[in-house]
Amino acid sequence: MASGPSRERFALAGVAIDNLSFAEAVAGMREFLLRGGRGYVVTPNASHVCMLQEDRELREIYGKASFVLADGMSIVFASRLLGSPLPERCSGADLFTSLCEALAPLKMGVFLLGGQGGAEKIAEAKLRREYPGLAVHSYSPPFGFEDDPGETAGIVDRINRSGAQVLFVFVGTPKSERWIFRNFQGLRARLALSLGQALSFYTGAHRRAPRWMQRAGLEWFFRLCQEPGRLWKRYLIGNTRFLLLVAKQFFKRGAVCESKSR
């Protein structure tokens with residue numbers, strides 16, 4: 001796998017995050033593809049940062065990613081507090097459509113892996129309407145596919161036969177990241193992205209928070225109100241843990257600065 005171009009990164013609790021604006025991220029991935037690069041993209045949020053503290057494989061996956069883009073205002077706010085401000089959030093849902101828009105004039109193909117209730121087929125038809133010239137293929141794997149070698153081999157073959165240069169995976173974190181990492185060498189796609197709920201937002205299966213809530217870092221609260229039973233632990237306990245990680249780094253940074261000033 002090729003790494004992304006040399007760039008400044010912000011380190012948060014052991015996660016190195018690219019210091020890129022949204023436009024720079026999309027342009028960077030387009031250029032990466034045009035230069036013949038091969039790699040994958042991860043989009044950390046507060047929950048992911050917490051997962052990485054205890055998951056060695058996930059840390060390795062993030063460490064070898066070609067692009068690590070902040071998909072969470074909590075990370076942007078933390079970067080400002082810690083003195084290495086990221087320019088903005090690179091939302092996975094927005095990366096999905098913007099990258100498709102950038103690829104359409106190049107006549108490139110994309111593959112959508114994941115989706116519930118036929119969402120992948122709805123998205124496939126919608127992408128073809130909105131971005132003429134974009135070749136789109138999709139498949140929704142059965143539950144537990146990641147542990148089935150035969151199903152995985154069939155998926156890899158299906159993606160390869162499609163001729164898609166870009167693979168979007170929508171089966172949740174950390175399952176998406178693990179599947180990409182473990183199978184990337186067998187794929188002919190040159191860029192793979194793990195984008196969580198982006199497909200559900202694109203098809204309208206789930207509503208996104210209003211823009212003002214996204215900018216204020218309150219999208220998590222909007223989603224919690226929509227699915228409290230599923231998300232309460234992730235956000236209420238996970239966000240508290242994330243704040244503790246940021247506080248630990250903040251005070252450690254302050255102690256180092258004070259020591260240097262003496």
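Which residue takes a positive phi in the hairpin of E1 and E2? I looked, and Ala13 does, near 50°, in a hairpin with 2 residues between the strands. (Strands are DSSP runs of E, at least two residues, and helices are runs of H or I, at least four, numbered from the N terminus.)

A note on the model: it is predicted, so I kept local features to pLDDT of at least 70 and side-chain atom pairs to pLDDT 80 or more, while totals for chains, interfaces and linings use all residues. Residues count from 1 along each chain, and side-chain values use heavy atoms, without hydrogens and water.

I found E1 (residues 9-12) and E2 (residues 15-18) paired in the antiparallel sense over 4 bridges; pairing takes at least two DSSP bridges. Leu12 stands opposite Val15.

I checked its contacts (heavy atoms within 4.5 Å) beyond four places in sequence, and they include Ile17, Val49, Phe242 and Gln249.

**Helices.** I then turned to H1 (residues 22-34) and H5 (residues 92-103), which pack at about 45° with axes 10 Å apart. Axes are lines fitted to C-alpha atoms over the stretch in contact, with angles from 0 to 180 degrees between N-to-C directions.

Technical notes:
Buried < 20%, exposed > 50% of the residue type's maximum accessible area, 1.4 Å probe, protein only.
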